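Subject: Structure for you to look at

Hello,

Here is the structure I said I would pass on. Please open it beside this message while you read.

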Amino acid sequence: MNPISIPADCLTCGACCFSQLPTYVRVTGDDWSRLGDHAETVAHFIGSRAYMKMTEGHCGALAVSEGAQGREYYCLVYEQRPQVCRDLARGSPQCEAELEQKAARARAAGLS
Ligand code: SF4
C-alpha cells in the first residue's frame with residue numbers, strides 16, 4: 001500500500017469536510033455562539049443537539065473554486081468554524097485517516 005501523501009495546503013484537499021452522516025459536525029453551544037449570525041444558516045438541530053447542515057455528502061459550508069493551485073476547497077465560515085474542525089490538524093493521524101477514506105470522494109464531488 002502506498003503511504004498517504006499529506007497535502008501541503010488544506011485548500012487543495014477538503015476531504016475531512018465530507019461525510020454522509022447528518023450528525024458529522026457537532027456544533028456545541030460555544031460553536032453556535034461563535035458562528036453568530038451564520039448559525040441559523042449553516043447549522044441546525046437534530047433532536048436536542050446542533051450540527052452543521054450536510055448537503056450532497058459534505059458539509060454545507062464547504063465551497064470550491066478554481067484558484068492558483070487548481071481546484072481549491074474552502075470553508076465559508078472558516079474564522080467561526082466549529083471546534084471539531086479546528087482540532088483536526090493537517091498531517092495528524094486523523095487527517096491521514098480522512099484522506100485515506102475520502103480523498104477520492106472529495107476530488108470527484110461536483111461542488112459549486
Ligand atoms: S465547518 Fe468548515 S471546516 Fe468544518 S466541516 Fe464544514 S466546511 Fe469543513
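Below are some notes on the ligand site and on the salt bridges. Please keep in mind that this is a predicted model.

The ligand

The space that the ligand takes up is the largest pocket. Around the ligand you will find C17, V25, M52, C59, A61, L62, C75, P82 and C85. Sorted by type, this shell holds nine nonpolar residues, no polar ones and no charged ones.

The salt bridges

Side chains of opposite charge can pair when their charged atoms come close. How many salt bridges does the count come to? The count is two.

Is D31 buried or exposed? D31 counts as buried because its relative accessibility is 1%, under the 20% cut-off. R34 has a relative accessible area of 29%, so R34 is partly exposed.

K102 and E98 form another salt bridge, and their closest N and O atoms are 2.6 Å apart. Helix α4 (residues 93–108) contains both K102 and E98, which are four residues apart, about one turn of the helix. K102 is buried, at a relative accessible area of 5%. E98 is buried as well, with a value of 11%.

Regards

Note on methods. Residues are numbered from 1 along each chain as its sequence is written. This is a predicted model: local features need pLDDT of at least 70, side-chain atom pairs count only at pLDDT 80 or more; totals for chains, interfaces and linings use all residues. Side-chain values use heavy atoms; hydrogens and water are left out. A residue is near a molecule or strand if one of its heavy atoms lies within 4 Å of it. On a 1 Å grid over the protein atoms alone, a cavity is a set of points where a 1.4 Å probe fits but cannot get out, and a pocket is an open set with protein on both sides within 12 Å along at least five of seven lines; lining residues have an atom within 4 Å of a point. A molecule sits in a cavity or pocket if more than half of its atoms lie within 2 Å of its grid points. Ala, Val, Leu, Ile, Met, Phe, Trp, Tyr, Cys and Pro count as nonpolar, Asp, Glu, Lys and Arg as charged, and the others, Gly among them, as polar. A salt bridge is a side-chain nitrogen of Lys or Arg within 4 Å of a carboxyl oxygen of Asp or Glu. Buried means under 20% relative accessible area, exposed over 50%, partly exposed in between (1.4 Å probe, protein chains only). Helices (H or I, at least four residues) and strands (E, at least two) are DSSP runs, numbered from the N terminus.
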